[in-house]
Amino acid sequence: MSTLITPHTDARMANIIEKVRGGERLNLEDGVYLYESNDLLTIGQLANEVNMRKNGNKVYFIENMSLYFTNVCESRCAFCNFRKDEGEEGAYTLSGQEMVEYVQQHIHPGVREFHIVGGHNDNVPFQYYVDSLRALNEHFPEVTLKAYTAAEIDFFTRISGLSIREVLEQLRAAGLKTLTGGGAEILSDQYRKKMRVDKANVEEYLEVHRTAHHLGMKTHTTMLYGSIESREDRIRHMLQIRDLQDETGGFMVFIPLSMQPKNKNAGIMRRNSANEDLKTIAVSRLMLDNFDHIKAYFINIGPQLTQVALNFGASDVHGTILKERISHAAGALTPEGLTRDELIWLVKGAGRIPVERDTFYNEIKVYE
Ligand code: SF4
């Protein structure tokens with residue numbers, strides 16, 4: 001598999017191939033060149049080589065469940081179709097006990113992670129967010145709490161007056177084990193201004209993860225691509241994440257999130273093309289040489305393209321989820337979740353070995 005790339009007449013691409021095969025790090029210009037190239041198969045094959053070196057034939061997934069305590073949000077990010085104002089039709093805020101009851105009604109045996117995100121609801125105090133986690137932790141101590149984005153942590157510092165470290169310490173005492181990767185969008189001040197990303201700025205996003213890593217937490221990170229940003233913006237985003245990873249080594253996975261089209265305010269009328277989704281996964285794999293995993297997120301790109309992405313550098317297909325809400329509010333046409341059997345089928349169909357994992361990529365079961 002690693003020798004199939006034909007000798008390249010394009011000197012620049014040949015140089016990039018040589019760098020990747022020699023273990024040399026790619027720079028901004030290399031990344032932009034790859035993105036601008038139409039040679040998707042070469043880029044994909046190169047990314048596949050890198051992934052095979054890191055992960056072999058294994059592709060990871062987890063049995064998890066997405067939970068959303070509240071959709072009330074003080075912010076108004078232009079691309080968001082999930083948020084509601086307090087009192088608006090469809091707005092809700094669940095207490096810890098209500099969430100426990102919801103989980104008891106819907107949980108499947110085998111779920112080992114709760115993926116928890118929500119709105120920045122300033123009608124409730126920071127203690128509400130601590131108590132919410134504690135309630136889940138007390139009732140489901142065997143399930144790992146993967147909760148809140150860096151933007152939510154930043155929001156908690158504002159409503160509590162506490163530092164990032166103090167917020168994280170209180171949440172950890174209530175059961176928090178890791179942060180989700182959301183809130184990154186595109187790490188560019190100009191982008192954030194134009195897209196009215198009404199929450200943590202670039203430095204704040206990175207600082208929350210840096211602090212979490214210094215506290216010994218392993219975390220996740222994302223990139224929401226496919227709106228007004230340039231491809232160079234995306235590469236610059238990856239380089240900032242790569243720099244922080246060099247510094248702390250605290251990220252477990254990079255998750256490219258394909259923008260969904262149903263946005264009241266952002267004017268995004270189309271989906272990303274399959275080519276763009278695959279290229280983004282492959283380029284991520286090539287740029288982020290210090291990451292173990294790149295995730296193909298079936299909620300945003302669909303199960304079929306996720307399957308193809310496993311030959312373009314992706315080594316993780318997320319998890320069962322059960323009922324996804326944020327991307328579906330933004331127009332996702334995909335299933336709201338998949339069963340364990342469906343995920344296994346998807347991975348095996350790509351000629352790969354499905355590996356059920358825990359949140360921290362410890363292997364639970366290999367489905368040979
Ligand atoms: S993206 Fe998050 S912070 Fe922004 S409006 Fe939506 S829920 Fe609120």
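## The S258–N272 contact

The side chains of S258 and N272 are joined by a polar contact of 2.8 Å; such a contact is a pair of N or O atoms within 3.5 Å, where within protein one must be able to donate a hydrogen and the other to accept it, and residues adjacent in sequence count only if both atoms are side-chain atoms. S258 belongs to strand 7, residues 251-258. Strands (E, at least two residues) and helices (H or I, at least four) are DSSP runs numbered from the N terminus. S258 has 2% relative accessibility and therefore counts as buried, a class set at under 20% relative accessible area, with exposed over 50% and partly exposed in between (1.4 Å probe, protein chains only).

This is a predicted model, in which local features need pLDDT of at least 70 and side-chain atom pairs count only at pLDDT 80 or more, while totals for chains, interfaces and linings use all residues. Residues are numbered from 1 along each chain as its sequence is written, and side-chain values use heavy atoms, with hydrogens and water left out.

## Positive phi values

E185 is not a glycine, yet has a positive phi of about 45°. E185 is placed in the loop between strand 5 (176-178) and helix 8 (189-194), and is buried at a relative accessible area of 6%.

H318, also a residue other than glycine, has a positive phi near 65°. H318 is located in strand 9, residues 316-319. With a relative accessible area of 4%, H318 is buried.

## Cavities

There are two cavities of 30 Å³ or more. On a 1 Å grid over the protein atoms alone, a cavity is a set of points where a 1.4 Å probe fits but cannot get out, a pocket is an open set with protein on both sides within 12 Å along at least five of seven lines, and lining residues have an atom within 4 Å of a point. Grid points are joined across faces, edges and corners, and a volume is the space filled by probe spheres set on the points.

The largest cavity has a volume of about 790 Å³. Its lining has 42 residues, of which V117, G182, G183, L257 and I326 are the closest to its centre. At least two lining residues come from each of helix 6 (150-160), strand 6 (219-225), strand 7 and helix 14 (326-329). By class, the lining of the largest cavity has 15 nonpolar, 20 polar and seven charged residues; Ala, Val, Leu, Ile, Met, Phe, Trp, Tyr, Cys and Pro count as nonpolar, Asp, Glu, Lys and Arg as charged, and the others, Gly among them, as polar. The second largest cavity holds about 40 Å³ of space, and its lining consists of F69, T70, I116, V117, G118, G119, Y129, Y148 and E152.

## Ligand

The ligand sits in the largest cavity, meaning that more than half of its atoms lie within 2 Å of the grid points. Around the ligand are C73, S75, C77, F79, C80, R83, H120 and K199, each with a heavy atom within 4 Å of it. This shell divides into four nonpolar, two polar and two charged residues.

## Largest pocket

The largest pocket contains about 160 Å³ of space. Two or more residues of its lining come from each of helix 1 (11-21), helix 3 (40-55) and helix 11 (274-287). Helix 3 gives the largest share, three residues. The lining has four nonpolar, one polar and seven charged residues; among them are R21, E24, R53, K54 and D289.
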